[in-house]
Amino acid sequence: MRRLLIAIVLLSGVSTAPVLAQSDTVNLRVDKLEKEMKAVQRKVFPNGATLEPELGSNPSPAMAAGNAAGAPITDLTARVDALESQLKSMTGQVEQDGFRLKKVEDALKAYEGRLKALETPETAVGSGDETELAATTPALKPTPASSKPATIAKPAAPKPAPAATTTTKVDPARKAAIAAVEIPATGDAAEDAYTYGFRLWGAKLYPEAQTKLKEFVAKYPTHKRLSFAQNLLGRAYLDEGKPALASVAFYDNYQKNPRGERASESLYWLGVALTRLKKPADACKVYTEFDEVYGAKTSADLKAKVAKGKTDAKCPAA
């Protein structure tokens, strides 16, 4: 009888040892799963909110009497395997989402940088081609006969042509033509300077006239002939076939001295220069400005010229 009892005890120890070892392994895996799940939850829910597992209150079914404990342990092991597989999938998805979010943030930063660059104002630059013209300054402010703001903007001066690298010989015929223009000597240096520039322009020696008239404007900025000289400078450019430079000269004469003797004429010629530059819309704005500022008190001859200018620019009827 004693031998039988010893045998039963030994057999029971043998049968329960593997079950206990398997149970310990499952417990370790569950602990690992819990830690990894908490790490995933901290990644997915950084603000502290977590997703609680749905644990039911239903009691586990009791094992049938006489069944080995290996069956529940095997079932639990399979469920833990499934949980580990789901956790790996979830972790991979979180890593992919984080990578995509990083790419979106980088793209957004690049877009914001480009947007700031686009919003930064840039200074308009003349093209250097005299047939090109752009508005680069605010609208005019001085208007002697109207309180309405001016509607025209300053034309852009073309870039100066590069200096010649070789010395150009003066045509003897041109040299003779320049020498034929009488240089006035009345004793009034300023008046003589303007008159000489006017005579050069009348002789169609436009580059020489431009040089003398620019010298006069720079040297005598308050002289009574200033408006005449600035207007004639624009005429010299226009007659030489340089409407871009002419438009700048005419605009300056009107804007800087709107009550000058030739300011109204410069405004008319500015419209002509813009029409030649194929800027009819801007020319029409100039003629509208002329009507508002000088229309009521200008000469009949100048009014007729402005009317023709409107026709040439195809301005809409008022």
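This is a predicted model: local features need pLDDT of at least 70, side-chain atom pairs count only at pLDDT 80 or more; totals for chains, interfaces and linings use all residues.

Colleague: Which cysteines form a disulfide, and how far apart are their sulfur atoms?

Modeller: Cys284 and Cys315 do, with sulfur atoms 2.0 Å apart. Cys284 sits in helix α9 (residues 280-294) and Cys315 in the segment after α10 (300-313), so the bond ties together parts 31 residues apart in sequence. The S-S torsion is about -100 degrees, so this disulfide is left-handed. Both cysteines are buried.

Colleague: Now the largest nonpolar core: which residues touch the most other members?

Modeller: Among them are Tyr194, Leu238 and Tyr268, in a core of 44 residues. Helix α8 gives the most, with eight residues. As for Leu238, its contacts beyond four places in sequence include Phe250, Trp269 and Val272.

Colleague: How should I read the salt bridges?

Modeller: Side chains of opposite charge can pair when their charged atoms come close. Here a search of the whole structure finds ten salt bridges. In one of them, Lys154 meets Asp252 at 3.4 Å, N to O. That pair links the loop between α2 (70-119) and α3 (172-180) to helix α7, 98 residues apart.

Colleague: Is Asp252 buried or exposed?

Modeller: Asp252 has 14% relative accessibility, below the 20% cut-off, so Asp252 counts as buried. Lys154, at 25%, counts as partly exposed.

Colleague: And which residues are linked in a network of salt bridges?

Modeller: Arg235, Arg262 and Glu265 are.

Notes. Residues are numbered from 1 along each chain as its sequence is written. Side-chain values use heavy atoms; hydrogens and water are left out. A disulfide is a pair of cysteine sulfur atoms within 2.5 Å. Helices (H or I, at least four residues) and strands (E, at least two) are DSSP runs, numbered from the N terminus. Buried means under 20% relative accessible area, exposed over 50%, partly exposed in between (1.4 Å probe, protein chains only). A nonpolar core is a set of buried Ala, Val, Leu, Ile, Met, Phe, Trp, Tyr and Cys residues joined through side-chain atoms within 4.5 Å. Contact means heavy atoms within 4.5 Å. A salt bridge is a side-chain nitrogen of Lys or Arg within 4 Å of a carboxyl oxygen of Asp or Glu.
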